[in-house]
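Welcome, and thanks for taking a look at this one. Please have a first look at the chains below, and then we will go through a few points together.

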Amino acid sequence: MYFLAIGLIYLAVGGDPAGIVALLMASGLGGLIAGFAWHFGRRYGTRVEDLQDSDAPDATGVVGVYPTASLRPIALAFGTTLLVLGVPIGSWMSMIGAAIVASQVLLLVHDTDD
Amino acid sequence: MTTIDRKPSAPTVTLGGDDPNHLVSIDSVIGPSGQEGTGLPTTLVGWLTTTNHKALGVAYFVASLTFLAIGGGLAGIIRAELTSPGQQVVSEQVYNQVFTIHGSVMVFLFAVPFGFGLANYIMPLQIGAPDLAFPRLNAFSFWLYVIGGAVMLFGFAADGGAAPFGWFAYPPLSGASGSPGLGADMWIVAIILTGTSGTLTAVNVIATITMLRTPGMTLFRMPILTWNLLVTAFMVLVVFPVLSGALLMLLADRQFGTKFYVPTDGGSPILWQHLFWFFGHPEVYIVALPFFGVVTEIFPVFARRPVFGYKGLIFATLTIGALSTSVWAHHMFVTGEVVVTFFALTSSLIAIPTGVKVFNWMGSMYGGAITFEAPMKFAIGFLVTFVVGGVTGVMLASPTLDFQLSDSFFVVAHFHYVMGGTVVIALFAGIYFWWPKVTGRMLSERLATWHFWLLMIGFNMTFFFMHLLGREGMPRRVPDYEPISNWELWNQLATAGYVILLISMVPFLIAVVKSLRGPANAGADPWNAYSLEWATTSPPVEHNFEWIPPIRSERPVFDFRWINHDDVGAPGVAEAWMAREGLDDRWLPLAGPVAADVADDANAASSADSDVG
């Protein structure tokens, strides 16, 4: 709401088009986050984490399920770099980068780390 | 996948030992760790493949401090060149590359990522989370940042050298004709990659704080550092995409012949300035807010007082976050193409929430039983330098003064007081504060005192005289100057200050080495601190907590330490603690889908015991 209000004020005082668009776009981005939070709150209601008088035993058990070490993130980062760096250097590099990214995303999706 | 099982915890009857009025020691409650390992890898492959938030947090710290050393080294070239008139050290072209990469490294590769290091290591501990919400995304973000940083630095090896257009890359200088070399493209790619990394980290931070808080850790019980990281993450999501879009347009201009910023073909260089500073000014707060959080954690602990105006600080942070997105064009006053009144007003307004913060920091110390351990020394040092930088910031928000001072060394002085004072000094405050938590060891107070005073003297010598240079009209980003007025003297003093700054790192490095070679005997809570990270072992066990105290305020560890004293800690702690009797195997928070099964198992076991009885 702040971005929307300030964007409209900026529009009214004769601000530049880029600034007006950026502020209004920020309203959209903020709205995206706010919308997610609203939807989440509506769907799940108040969670135990948000209760004033809740305590650790109120949500207990196994701490969590976490991925073990994986080569995928660093490989994916390397591939992404090649993909973008290929724009100034050469399409051959982008193609290698795209292949690495595609393969790593595929492996990441199917990676169960048993 | 790894599942972490619950562990039994200390019995409640041990609280306070034989003396019911005794303060509770966290160490006596948690005892020796029942878990193996700390989550930190021990091999190179382990570091390259880790997804643990603490390992990645340490990796962020090490990487960003390495970039600080590189950026500091480049600053040394600048200072060496400016020590006396004439050109002594590097050519004009190389000088341009050096100050460009110095600024870019410091802003994009050091300051922001160190904050992400805090978000990785400290934030989950502060909210009782066992990791970030998306560990692999977190690892991807880190590597994207490191590899992106390497791309920027490899620009020096490119034909024509690194990017030479300053860290805010104004076209047409940054266009294909202004800076034709590959190094400029590599700079753009590097910023796109690190920006993407930051955006993904922001998503991770928001998801973690939203979803993984431990029961009782309501939003208004979160430590201020966590709040500031949350607001920072929102700001990243709002402004980084704008920068990425602007950079893609710049890359398209350079590589594909588009004309977004080419004035002769209908494009607008001013468009770049708007888009860049729409990112660039909030970026200052994206850098600063985590460090505001750091000192807000430190002042109350060493003044033995609760933080003054907890909610006021949160609303000040929110206000800064919002206002920072509507002040960008004060960087563009001299273009004559902006609504000066609007931006002068909003830029001045931001001094109000910032002033609230300074007031609250002083209020947190006022009347307290202050002790000056290393973190407190550096936090106070931060406060002094930040206020100086803030005051010159208000001066520059005034268009009348800005027209005179724009592009002078005064701006360099202001910027370094704000960013240097905020980041570097608060960074060391944070390092001294959380070093025992991360390593289990203490740092030498004696060496820290040397470090502090040398740093303060060196920092102020280096940057104070730049105010005078700027006032006398010396422009920034020049490799040479005429020996007029006191320019040579002030430049020499600034260079001497830089040398002292370098020397100040010696006692710190000695302290680090000595500490790492010493025994890990810091204990869980060496500072008698307040927030949740001090309720676990030092260093923390693999998924952070085997035990969590009841949370009834923003100071759960303080409350628990004083649990035997009525009316000192937050109400309800003792009751919550007593309610745990008989639930020793059900103390851990943050259930996954498996949790319900575990709880059912526990209930079934309990029923079976009853049946037997």
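Is Asp525(B) buried or exposed? With 9% relative accessibility, Asp525(B) counts as buried, where buried means under 20% relative accessible area, exposed over 50% and partly exposed in between (1.4 Å probe, protein chains only).

Please keep in mind that this is a predicted model, in which local features need pLDDT of at least 70 and side-chain atom pairs count only at pLDDT 80 or more, while totals for chains, interfaces and linings use all residues. Residues are numbered from 1 along each chain as its sequence is written, chains are lettered from A and ligands numbered from 1 in the order in which they are written, and side-chain values use heavy atoms, with hydrogens and water left out.

**Salt bridges**

- Over all chains, the structure holds 8 salt bridges, each being a side-chain nitrogen of Lys or Arg within 4 Å of a carboxyl oxygen of Asp or Glu.
- One of them joins Asp525(B) to Arg561(B), at 2.7 Å from N to O.
- Asp525(B) sits in the loop between helix H16 (487–517) and helix H17 (556–561) of chain B, and Arg561(B) in helix H17, so this pair ties together parts 36 residues apart in sequence. Helices here are DSSP runs (H or I, at least four residues), numbered from the N terminus.
- Arg561(B) is buried, with a relative accessible area of 6%.
- Asp185(B) and Arg254(B) also meet in a salt bridge, at 2.7 Å from N to O.
- Because Asp185(B) lies in helix H6 (residues 182–211) and Arg254(B) in helix H7 (residues 224–256) of chain B, that pair links parts 69 residues apart in sequence.
- Asp185(B) is buried at 4%, and Arg254(B) is buried at 10%.
- In chain A, Arg47(A) pairs with Glu49(A), their closest N and O atoms being 3.9 Å apart.

**Helix H5 of chain B**

- H5(B) is mostly covered, with 16 of its 20 residues buried.
- Its 20 residues (135–154) should span 28 Å at 1.5 Å a residue, and the end C-alpha atoms are 29 Å apart, which agrees. The expected span is 1.5 Å times one less than the number of residues.

**Domains of chain B**

- Chain B is divided into domain 1 (12–32 + 541–604) and domain 2 (44–517), with bounds from an automatic or database domain assignment.
- The centres of domain 1 and domain 2 of chain B, taken over C-alpha atoms, are 38 Å apart.
- Their contact (heavy atoms within 4.5 Å) takes 13 residues from domain 1 and 21 residues from domain 2 of chain B.
- The count between domain 1 and domain 2 of chain B is 0 salt bridges.

Definitions and conventions: Helices (H or I, at least four residues) and strands (E, at least two) are DSSP runs, numbered from the N terminus.
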